[in-house]
Amino acid sequence: MNSFDVIVIGAGVIGSSVAYHLARFGAKRVLVLDRTQIGAGTTSQSSGILRTHYSVPENVELAKSSWAIYKDFAAYLGDEDAASGLVQCGYLIWAPDGPKLNPLRQALAGQSAQGIDVRLIDQAQARSLLPIAQFDDAALIGYEPEAGFADAYLVATSFARAARRLGVKIIEGVEVQRLLMNGTQVVGVETSQGTFHSQTVVSTQNIWATDIERWTGIATPVSAERHAVLALEGPQPYTFQMPVFKDLGSPGMLYGRSYGGTQMLVSEGTVGETLAAPDNEQGDISLDYVGEVGEQVAQRFPGFENAGLASSWTGVYDVTPDWNPVLGRLPEVQGLVVGYGFSGHGFKLSPGIGRLLAQEALGLHTDVSMAPYALARFRSGQLLTGLYGKGAVS
Ligand SMILES: Cc1cc2nc3c(=O)[nH]c(=O)nc-3n(C[C@H](O)[C@H](O)[C@H](O)COP(=O)(O)OP(=O)(O)OC[C@H]3O[C@@H](n4cnc5c(N)ncnc54)[C@H](O)[C@@H]3O)c2cc1C
(Lines give C-alpha, C1' and ligand atoms only; values in the text may rest on other atoms or scores of the structure.)
Protein backbone atom coordinates (compact mmCIF):
# COMPACT_ATOMS: atom_id res chain seq x y z
CA MET A 1 0.00 0.00 0.00
CA ASN A 2 3.05 2.26 0.02
CA SER A 3 3.12 2.47 -3.78
CA PHE A 4 1.87 5.51 -5.65
CA ASP A 5 1.56 6.74 -9.24
CA VAL A 6 3.14 10.05 -8.24
CA ILE A 7 4.69 11.42 -5.04
CA VAL A 8 4.80 15.20 -4.55
CA ILE A 9 7.31 16.63 -2.05
CA GLY A 10 6.01 19.90 -0.55
CA ALA A 11 2.47 21.16 0.00
CA GLY A 12 2.93 24.87 -0.61
CA VAL A 13 0.74 26.61 -3.15
CA ILE A 14 2.76 25.02 -5.96
CA GLY A 15 2.74 21.45 -4.63
CA SER A 16 -0.95 21.66 -3.71
CA SER A 17 -1.78 22.91 -7.20
CA VAL A 18 0.30 20.09 -8.73
CA ALA A 19 -1.50 17.53 -6.55
CA TYR A 20 -4.93 18.81 -7.51
CA HIS A 21 -4.06 18.82 -11.20
CA LEU A 22 -2.56 15.32 -11.07
CA ALA A 23 -5.91 14.04 -9.80
CA ARG A 24 -7.84 16.23 -12.24
CA PHE A 25 -5.84 14.74 -15.12
CA GLY A 26 -6.68 11.22 -13.97
CA ALA A 27 -3.85 10.05 -11.68
CA LYS A 28 -5.34 7.59 -9.23
CA ARG A 29 -2.79 7.17 -6.45
CA VAL A 30 -1.13 10.46 -5.56
CA LEU A 31 0.77 11.12 -2.32
CA VAL A 32 1.84 14.54 -1.05
CA LEU A 33 4.37 14.78 1.78
CA ASP A 34 5.16 17.94 3.73
CA ARG A 35 7.56 18.40 6.62
CA THR A 36 5.27 20.98 8.23
CA GLN A 37 1.69 21.78 7.20
CA ILE A 38 -0.12 22.64 3.98
CA GLY A 39 0.73 26.23 3.04
CA ALA A 40 2.90 26.81 6.12
CA GLY A 41 6.12 27.35 4.13
CA THR A 42 6.92 30.53 2.25
CA THR A 43 3.36 30.53 0.84
CA SER A 44 2.07 31.80 4.19
CA GLN A 45 4.37 34.86 3.88
CA SER A 46 3.21 35.99 0.43
CA SER A 47 1.93 39.45 -0.46
CA GLY A 48 -0.51 37.75 -2.79
CA ILE A 49 -0.34 40.09 -5.78
CA LEU A 50 -1.80 38.83 -9.04
CA ARG A 51 -0.82 40.59 -12.26
CA THR A 52 0.17 39.61 -15.73
CA HIS A 53 2.71 42.41 -15.94
CA TYR A 54 6.01 40.81 -16.93
CA SER A 55 8.60 41.51 -19.56
CA VAL A 56 9.28 37.79 -20.14
CA PRO A 57 6.57 36.61 -22.59
CA GLU A 58 6.42 33.07 -21.17
CA ASN A 59 5.60 34.53 -17.75
CA VAL A 60 2.86 36.71 -19.25
CA GLU A 61 1.30 33.59 -20.80
CA LEU A 62 1.42 31.63 -17.54
CA ALA A 63 0.08 34.56 -15.52
CA LYS A 64 -2.75 35.01 -18.04
CA SER A 65 -3.88 31.38 -17.86
CA SER A 66 -3.56 31.43 -14.07
CA TRP A 67 -5.63 34.61 -13.81
CA ALA A 68 -8.43 32.92 -15.75
CA ILE A 69 -8.47 30.22 -13.05
CA TYR A 70 -8.35 32.72 -10.18
CA LYS A 71 -11.32 34.61 -11.59
CA ASP A 72 -13.51 31.55 -11.32
CA PHE A 73 -11.65 29.61 -8.67
CA ALA A 74 -14.50 27.78 -6.92
CA ALA A 75 -16.03 26.67 -10.22
CA TYR A 76 -12.63 25.54 -11.52
CA LEU A 77 -12.10 23.40 -8.41
CA GLY A 78 -15.69 22.17 -8.45
CA ASP A 79 -15.97 23.20 -4.81
CA GLU A 80 -18.43 25.98 -4.10
CA ASP A 81 -16.86 26.58 -0.68
CA ALA A 82 -13.37 27.10 -2.12
CA ALA A 83 -12.07 30.67 -1.96
CA SER A 84 -8.99 32.52 -3.15
CA GLY A 85 -9.79 35.80 -1.38
CA LEU A 86 -9.56 37.55 -4.74
CA VAL A 87 -9.84 41.34 -4.75
CA GLN A 88 -9.96 42.55 -8.33
CA CYS A 89 -8.75 46.11 -7.87
CA GLY A 90 -6.45 46.45 -10.90
CA TYR A 91 -2.70 47.10 -11.10
CA LEU A 92 -0.93 50.42 -11.64
CA ILE A 93 2.73 50.55 -12.66
CA TRP A 94 4.71 53.66 -13.50
CA ALA A 95 8.22 54.89 -14.22
CA PRO A 96 9.82 58.34 -14.33
CA ASP A 97 12.22 59.39 -17.10
CA GLY A 98 15.27 57.16 -16.74
CA PRO A 99 16.45 53.58 -17.09
CA LYS A 100 13.13 51.90 -16.26
CA LEU A 101 11.12 53.84 -18.82
CA ASN A 102 11.93 51.77 -21.92
CA PRO A 103 11.61 48.41 -20.17
CA LEU A 104 8.17 49.51 -18.98
CA ARG A 105 7.14 50.69 -22.43
CA GLN A 106 8.29 47.43 -24.00
CA ALA A 107 6.70 45.24 -21.34
CA LEU A 108 3.34 47.00 -21.72
CA ALA A 109 3.50 46.68 -25.52
CA GLY A 110 4.38 43.00 -25.15
CA GLN A 111 1.43 42.41 -22.84
CA SER A 112 -0.93 44.10 -25.30
CA ALA A 113 0.44 41.96 -28.13
CA GLN A 114 -0.32 38.90 -25.99
CA GLY A 115 -3.95 39.95 -25.63
CA ILE A 116 -3.85 41.51 -22.17
CA ASP A 117 -6.06 44.53 -21.49
CA VAL A 118 -3.43 47.11 -20.49
CA ARG A 119 -4.01 50.82 -20.82
CA LEU A 120 -1.63 53.76 -20.91
CA ILE A 121 -3.14 56.40 -18.67
CA ASP A 122 -2.16 59.94 -17.71
CA GLN A 123 -1.38 61.35 -14.26
CA ALA A 124 -4.93 62.65 -13.72
CA GLN A 125 -6.42 59.23 -14.51
CA ALA A 126 -3.90 57.58 -12.19
CA ARG A 127 -4.87 60.03 -9.41
CA SER A 128 -8.53 59.17 -9.85
CA LEU A 129 -7.70 55.48 -9.35
CA LEU A 130 -5.28 55.97 -6.47
CA PRO A 131 -6.09 59.40 -4.97
CA ILE A 132 -3.75 58.95 -1.99
CA ALA A 133 -0.69 58.98 -4.31
CA GLN A 134 1.03 61.72 -6.30
CA PHE A 135 2.30 61.04 -9.83
CA ASP A 136 4.13 64.29 -10.68
CA ASP A 137 7.28 62.50 -11.89
CA ALA A 138 5.54 59.61 -13.66
CA ALA A 139 6.51 59.69 -17.35
CA LEU A 140 4.66 56.50 -18.26
CA ILE A 141 1.79 54.84 -16.39
CA GLY A 142 0.29 51.46 -17.22
CA TYR A 143 -3.01 50.20 -15.85
CA GLU A 144 -4.11 46.57 -15.91
CA PRO A 145 -7.76 46.38 -14.79
CA GLU A 146 -7.77 42.56 -14.77
CA ALA A 147 -5.43 42.22 -11.81
CA GLY A 148 -5.46 42.47 -8.04
CA PHE A 149 -4.49 40.26 -5.15
CA ALA A 150 -5.61 37.15 -3.32
CA ASP A 151 -4.69 35.04 -0.30
CA ALA A 152 -1.93 32.51 -1.02
CA TYR A 153 -2.61 30.42 2.09
CA LEU A 154 -6.32 30.16 1.21
CA VAL A 155 -5.43 29.15 -2.33
CA ALA A 156 -2.99 26.45 -1.17
CA THR A 157 -5.47 24.98 1.28
CA SER A 158 -8.27 25.14 -1.32
CA PHE A 159 -6.14 23.27 -3.87
CA ALA A 160 -5.25 20.72 -1.19
CA ARG A 161 -8.86 20.21 -0.15
CA ALA A 162 -9.98 19.77 -3.75
CA ALA A 163 -7.12 17.32 -4.28
CA ARG A 164 -8.20 15.30 -1.25
CA ARG A 165 -11.77 15.21 -2.52
CA LEU A 166 -10.39 13.62 -5.70
CA GLY A 167 -8.58 10.98 -3.66
CA VAL A 168 -5.12 12.47 -3.16
CA LYS A 169 -3.44 11.48 0.11
CA ILE A 170 -1.66 14.35 1.88
CA ILE A 171 0.49 13.62 4.92
CA GLU A 172 1.77 16.52 7.02
CA GLY A 173 4.69 16.39 9.45
CA VAL A 174 6.74 14.01 7.28
CA GLU A 175 10.22 14.89 6.11
CA VAL A 176 11.56 13.43 2.89
CA GLN A 177 15.17 12.50 3.62
CA ARG A 178 16.37 11.13 0.29
CA LEU A 179 15.30 9.80 -3.08
CA LEU A 180 15.35 6.05 -3.61
CA MET A 181 17.04 5.16 -6.89
CA ASN A 182 17.41 2.12 -9.07
CA GLY A 183 20.33 3.15 -11.26
CA THR A 184 19.26 6.47 -12.75
CA GLN A 185 15.52 5.83 -12.21
CA VAL A 186 13.69 7.25 -9.17
CA VAL A 187 11.77 4.51 -7.39
CA GLY A 188 10.54 6.32 -4.29
CA VAL A 189 11.45 8.38 -1.24
CA GLU A 190 12.78 7.63 2.20
CA THR A 191 11.11 9.71 4.89
CA SER A 192 10.92 10.24 8.64
CA GLN A 193 7.94 7.86 8.51
CA GLY A 194 9.32 5.10 6.33
CA THR A 195 9.59 4.57 2.59
CA PHE A 196 7.06 5.27 -0.14
CA HIS A 197 7.44 3.93 -3.66
CA SER A 198 6.79 5.61 -6.99
CA GLN A 199 8.49 5.85 -10.37
CA THR A 200 7.50 9.54 -10.55
CA VAL A 201 8.43 12.15 -7.94
CA VAL A 202 7.62 15.86 -8.21
CA SER A 203 9.72 18.16 -6.02
CA THR A 204 8.07 21.48 -5.18
CA GLN A 205 10.30 22.34 -2.24
CA ASN A 206 10.95 26.04 -2.80
CA ILE A 207 14.04 27.20 -0.82
CA TRP A 208 14.56 23.63 0.37
CA ALA A 209 15.04 22.47 -3.23
CA THR A 210 18.72 22.44 -2.32
CA ASP A 211 17.88 18.97 -0.96
CA ILE A 212 17.87 17.83 -4.60
CA GLU A 213 21.52 18.76 -4.92
CA ARG A 214 22.35 16.77 -1.78
CA TRP A 215 20.32 13.78 -2.98
CA THR A 216 21.39 13.70 -6.64
CA GLY A 217 24.55 15.79 -6.97
CA ILE A 218 22.83 17.95 -9.61
CA ALA A 219 23.45 21.66 -9.02
CA THR A 220 20.38 23.52 -7.75
CA PRO A 221 20.89 27.21 -8.53
CA VAL A 222 18.59 28.64 -5.87
CA SER A 223 19.27 30.78 -2.83
CA ALA A 224 17.08 31.79 0.07
CA GLU A 225 16.55 35.54 0.19
CA ARG A 226 14.70 37.26 3.01
CA HIS A 227 12.37 40.20 2.35
CA ALA A 228 10.40 42.41 4.72
CA VAL A 229 6.73 43.33 4.36
CA LEU A 230 5.20 46.26 6.26
CA ALA A 231 1.56 47.12 6.92
CA LEU A 232 1.15 50.88 7.39
CA GLU A 233 -1.75 52.73 8.93
CA GLY A 234 -2.09 56.09 7.19
CA PRO A 235 -4.43 59.03 7.73
CA GLN A 236 -6.51 57.98 4.72
CA PRO A 237 -7.57 54.40 4.10
CA TYR A 238 -6.05 52.35 1.30
CA THR A 239 -9.35 50.84 0.25
CA PHE A 240 -10.06 47.57 -1.57
CA GLN A 241 -11.14 49.65 -4.60
CA MET A 242 -7.68 51.19 -4.97
CA PRO A 243 -5.31 49.33 -7.31
CA VAL A 244 -2.15 47.46 -6.42
CA PHE A 245 0.84 49.68 -7.26
CA LYS A 246 4.38 49.22 -8.53
CA ASP A 247 6.61 52.30 -8.32
CA LEU A 248 9.59 51.78 -10.62
CA GLY A 249 10.84 55.26 -9.72
CA SER A 250 11.43 54.61 -6.03
CA PRO A 251 14.90 53.42 -4.92
CA GLY A 252 13.39 50.20 -3.55
CA MET A 253 11.09 49.67 -6.57
CA LEU A 254 8.23 49.61 -4.05
CA TYR A 255 5.07 47.61 -4.52
CA GLY A 256 1.95 47.85 -2.42
CA ARG A 257 -1.75 47.13 -2.03
CA SER A 258 -4.64 47.48 0.32
CA TYR A 259 -4.35 45.41 3.47
CA GLY A 260 -7.65 44.65 5.14
CA GLY A 261 -9.39 47.44 3.24
CA THR A 262 -7.73 50.24 5.23
CA GLN A 263 -3.98 49.75 5.67
CA MET A 264 -1.20 49.71 3.05
CA LEU A 265 0.86 46.55 2.61
CA VAL A 266 4.21 47.66 1.19
CA SER A 267 7.49 46.01 0.34
CA GLU A 268 10.64 46.64 -1.67
CA GLY A 269 11.01 44.94 -5.03
CA THR A 270 14.80 44.90 -4.94
CA VAL A 271 17.31 42.28 -3.80
CA GLY A 272 16.87 41.11 -0.19
CA GLU A 273 19.11 39.48 2.44
CA THR A 274 20.69 36.22 1.25
CA LEU A 275 20.55 33.54 3.94
CA ALA A 276 23.35 31.03 4.47
CA ALA A 277 20.85 28.15 4.56
CA PRO A 278 17.17 27.70 3.68
CA ASP A 279 15.05 28.87 6.58
CA ASN A 280 11.73 30.72 6.64
CA GLU A 281 11.70 31.64 10.31
CA GLN A 282 10.95 35.29 11.05
CA GLY A 283 13.94 37.66 10.79
CA ASP A 284 14.57 41.06 12.39
CA ILE A 285 13.22 44.24 10.80
CA SER A 286 15.19 47.20 12.16
CA LEU A 287 13.60 50.55 12.87
CA ASP A 288 16.17 52.11 10.54
CA TYR A 289 14.86 49.92 7.74
CA VAL A 290 11.25 50.84 8.54
CA GLY A 291 12.33 54.49 8.38
CA GLU A 292 13.98 54.01 4.97
CA VAL A 293 10.90 52.38 3.46
CA GLY A 294 8.64 54.90 5.23
CA GLU A 295 10.53 57.78 3.58
CA GLN A 296 10.03 56.26 0.13
CA VAL A 297 6.33 55.73 0.85
CA ALA A 298 5.94 59.33 2.01
CA GLN A 299 7.52 60.61 -1.23
CA ARG A 300 4.77 58.89 -3.20
CA PHE A 301 1.95 59.05 -0.66
CA PRO A 302 2.40 62.43 1.06
CA GLY A 303 -0.33 61.72 3.62
CA PHE A 304 1.68 58.74 4.86
CA GLU A 305 4.51 60.90 6.23
CA ASN A 306 3.39 60.13 9.77
CA ALA A 307 1.89 56.72 9.08
CA GLY A 308 2.10 54.15 11.85
CA LEU A 309 3.55 50.67 11.53
CA ALA A 310 0.58 48.36 12.17
CA SER A 311 2.40 45.07 11.62
CA SER A 312 5.32 43.56 9.74
CA TRP A 313 6.78 40.22 8.82
CA THR A 314 9.58 38.68 6.82
CA GLY A 315 9.27 36.13 4.04
CA VAL A 316 11.82 34.22 2.03
CA TYR A 317 12.12 34.02 -1.77
CA ASP A 318 13.66 31.04 -3.61
CA VAL A 319 15.80 33.08 -5.98
CA THR A 320 17.52 31.79 -9.13
CA PRO A 321 20.20 33.73 -11.03
CA ASP A 322 17.66 35.07 -13.57
CA TRP A 323 14.76 35.43 -11.11
CA ASN A 324 12.66 32.85 -12.94
CA PRO A 325 11.74 29.31 -11.97
CA VAL A 326 13.28 26.00 -12.92
CA LEU A 327 10.53 23.71 -14.24
CA GLY A 328 10.52 20.23 -15.69
CA ARG A 329 12.49 17.00 -15.73
CA LEU A 330 16.11 16.63 -14.80
CA PRO A 331 17.44 14.47 -17.65
CA GLU A 332 20.02 12.76 -15.41
CA VAL A 333 17.35 11.39 -13.04
CA GLN A 334 14.49 9.59 -14.75
CA GLY A 335 11.13 10.10 -13.10
CA LEU A 336 12.06 13.32 -11.25
CA VAL A 337 10.17 16.52 -12.11
CA VAL A 338 11.04 19.79 -10.33
CA GLY A 339 9.41 23.17 -9.79
CA TYR A 340 11.42 25.66 -7.73
CA GLY A 341 13.02 29.10 -7.92
CA PHE A 342 9.88 31.21 -8.08
CA SER A 343 11.91 34.23 -7.03
CA GLY A 344 9.10 36.06 -5.25
CA HIS A 345 6.47 35.75 -7.98
CA GLY A 346 5.21 32.17 -7.89
CA PHE A 347 1.81 32.69 -6.34
CA LYS A 348 0.27 34.39 -9.36
CA LEU A 349 1.57 31.56 -11.58
CA SER A 350 0.63 28.65 -9.31
CA PRO A 351 -2.55 27.45 -11.09
CA GLY A 352 -0.82 27.37 -14.48
CA ILE A 353 2.38 25.86 -13.09
CA GLY A 354 0.42 23.17 -11.24
CA ARG A 355 -1.19 22.21 -14.53
CA LEU A 356 2.15 22.13 -16.38
CA LEU A 357 4.04 20.08 -13.79
CA ALA A 358 1.16 17.62 -13.46
CA GLN A 359 0.96 17.24 -17.24
CA GLU A 360 4.72 16.68 -17.44
CA ALA A 361 4.68 14.14 -14.60
CA LEU A 362 1.91 12.17 -16.31
CA GLY A 363 3.54 12.30 -19.74
CA LEU A 364 0.71 14.44 -21.16
CA HIS A 365 1.03 17.26 -23.66
CA THR A 366 1.82 20.45 -21.69
CA ASP A 367 -0.30 23.61 -22.13
CA VAL A 368 2.84 25.54 -23.11
CA SER A 369 6.43 24.49 -23.64
CA MET A 370 8.47 24.30 -20.45
CA ALA A 371 11.74 24.37 -22.43
CA PRO A 372 12.52 28.03 -21.60
CA TYR A 373 12.36 27.16 -17.89
CA ALA A 374 14.69 24.14 -18.09
CA LEU A 375 17.62 23.90 -15.70
CA ALA A 376 19.83 23.54 -18.78
CA ARG A 377 19.51 27.30 -19.42
CA PHE A 378 22.03 27.97 -16.67
CA ARG A 379 24.53 25.80 -18.53
CA SER A 380 23.76 27.12 -22.03
CA GLY A 381 23.55 30.75 -20.92
CA GLN A 382 20.05 31.18 -22.45
CA LEU A 383 18.77 32.90 -19.32
CA LEU A 384 15.23 34.19 -18.89
CA THR A 385 16.29 37.55 -17.51
CA GLY A 386 13.55 40.17 -17.69
CA LEU A 387 14.02 43.72 -18.99
CA TYR A 388 13.98 45.17 -15.47
CA GLY A 389 16.98 43.06 -14.38
CA LYS A 390 16.97 41.44 -10.96
CA GLY A 391 13.66 41.54 -9.10
CA ALA A 392 10.35 39.77 -8.87
CA VAL A 393 8.67 41.86 -11.58
CA SER A 394 10.82 39.98 -14.12
C1 LIG B 1 7.35 38.09 1.32
C2 LIG B 1 6.86 37.43 0.07
C3 LIG B 1 6.02 38.11 -0.78
C4 LIG B 1 5.56 37.51 -1.95
N5 LIG B 1 4.68 38.17 -2.73
C6 LIG B 1 4.21 37.59 -3.86
C7 LIG B 1 3.25 38.26 -4.65
O8 LIG B 1 2.82 39.35 -4.34
N9 LIG B 1 2.80 37.62 -5.76
C10 LIG B 1 3.27 36.40 -6.16
O11 LIG B 1 2.87 35.90 -7.21
N12 LIG B 1 4.18 35.73 -5.41
C13 LIG B 1 4.64 36.30 -4.27
N14 LIG B 1 5.54 35.64 -3.49
C15 LIG B 1 6.03 34.34 -3.94
C16 LIG B 1 5.06 33.22 -3.67
O17 LIG B 1 4.40 33.40 -2.43
C18 LIG B 1 5.84 31.91 -3.71
O19 LIG B 1 6.47 31.80 -4.98
C20 LIG B 1 4.97 30.69 -3.49
O21 LIG B 1 4.15 30.82 -2.35
C22 LIG B 1 5.88 29.48 -3.34
O23 LIG B 1 5.14 28.33 -3.13
P24 LIG B 1 5.89 26.94 -3.01
O25 LIG B 1 4.85 25.91 -2.96
O26 LIG B 1 6.97 26.86 -4.06
O27 LIG B 1 6.73 27.05 -1.66
P28 LIG B 1 6.41 26.79 -0.12
O29 LIG B 1 5.13 27.39 0.29
O30 LIG B 1 7.62 27.24 0.63
O31 LIG B 1 6.26 25.22 -0.02
C32 LIG B 1 7.34 24.32 -0.02
C33 LIG B 1 6.97 23.22 0.94
O34 LIG B 1 7.90 22.16 0.79
C35 LIG B 1 8.04 21.54 2.05
N36 LIG B 1 9.31 20.79 2.02
C37 LIG B 1 10.51 21.22 1.61
N38 LIG B 1 11.42 20.26 1.71
C39 LIG B 1 10.79 19.18 2.21
C40 LIG B 1 11.22 17.85 2.56
N41 LIG B 1 12.48 17.46 2.41
N42 LIG B 1 10.28 16.99 3.02
C43 LIG B 1 8.98 17.37 3.18
N44 LIG B 1 8.54 18.61 2.89
C45 LIG B 1 9.43 19.51 2.40
C46 LIG B 1 8.05 22.71 3.02
O47 LIG B 1 7.71 22.30 4.34
C48 LIG B 1 7.03 23.66 2.40
O49 LIG B 1 5.74 23.54 2.98
C50 LIG B 1 6.00 36.20 -2.29
C51 LIG B 1 6.83 35.49 -1.43
C52 LIG B 1 7.25 36.09 -0.25
C53 LIG B 1 8.14 35.30 0.67
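Predicted model: local features only at pLDDT ≥ 70, side-chain atom pairs only at ≥ 80, totals over all residues.

Me: OK, the ligand. How many residues surround the ligand, and which are the closest?
Reply: There are 36 residues around the ligand. The closest are Asp-34, Thr-42, Thr-43, Ile-49 and Lys-348.

Me: What sits across from the ligand's nitrogen atoms?
Reply: A side-chain N or O atom of Gln-205 is 3.0 Å from a nitrogen atom of the ligand. A polar backbone atom of Gly-344 is 3.3 Å from a ligand nitrogen.

Me: And an oxygen atom of the ligand, which backbone is that one by?
Reply: That's Gly-346, with a polar backbone atom 3.1 Å from a ligand oxygen. As for cover, the ligand has 1000 Å² of accessible area on its own, and the protein covers 98% of that.

Me: How does the shell split by class?
Reply: The shell has 17 polar, 14 nonpolar and five charged residues.

Me: Which element gives the largest share of the shell?
Reply: β18 does, with three residues. At least two residues each come from α1 (13–24), β2 (30–34) and β18 (308–319).

Me: Let's stay on α1 then. How far does α1 reach, end to end?
Reply: From first C-alpha to last, α1 reaches 16 Å with its twelve residues. That is close to the 16 Å expected at 1.5 Å a residue.

Me: Is α1 mostly covered or mostly open?
Reply: Mostly covered, since eleven of the twelve residues in α1 are buried. Among them are Val-13, Ser-17, Tyr-20 and His-21.

Me: What covers the buried residues of α1?
Reply: The cover includes β1 (6–9), β2, α3 (73–77), α6 (152–165), β12 (201–203) and α9 (350–361).

Me: And what comes just after α1?
Reply: Gly-26, with a positive phi of about 105 degrees.

Me: You listed α9 as part of that cover. Why does its span agree with what twelve residues should give?
Reply: Because at 1.5 Å a residue the twelve residues of α9 should span 16 Å, and its end C-alpha atoms are 16 Å apart. α9 is mostly covered, with eleven of its twelve residues buried. Those buried residues include Ser-350, Pro-351, Gly-352 and Arg-355. After α9 comes Gly-363, whose phi is positive, near 75 degrees.

Me: Switching topic: where does Ser-66 lie?
Reply: Ser-66 is in helix α2, which covers residues 57–71.

Me: Why does Ser-66 count as buried?
Reply: Because Ser-66 has 0% relative accessibility, and buried means under 20%.

Me: What does the side chain of Ser-66 reach?
Reply: The backbone nitrogen of Gly-352, at 3.0 Å. Setting aside neighbours within four places in sequence, Ser-66 is in contact with Lys-348, Leu-349, Ser-350, Pro-351 and Gly-352.

Me: Last one, His-345. Where is His-345 found?
Reply: His-345 is in the loop between β20 (336–340) and α9.

Me: Is His-345 buried or exposed?
Reply: Buried, because the relative accessible area of His-345 is 1%.

Me: And what does the His-345 side chain reach?
Reply: The backbone oxygen of Trp-323, at 2.8 Å. Not counting residues up to four places away in sequence, His-345 touches several residues, including Arg-51, Tyr-54, Asn-59, Trp-323 and Ser-394.

Technical notes. Residues numbered from 1 in each chain as written. Heavy atoms only, no water. Near = heavy atom within 4 Å. Polar contact = N/O pair within 3.5 Å; in protein donor to acceptor, adjacent residues only side chain to side chain. Areas by Shrake-Rupley, 256 points an atom, 1.4 Å probe, with all protein chains shown as cover. Helix = DSSP H or I, 4+ residues; strand = E, 2+ residues; numbered from the N terminus. Nonpolar A, V, L, I, M, F, W, Y, C, P; charged D, E, K, R; others polar. Buried < 20%, exposed > 50% of the residue type's maximum accessible area, 1.4 Å probe, protein only. Contact = heavy atoms within 4.5 Å. Expected span 1.5 Å × (residues − 1).
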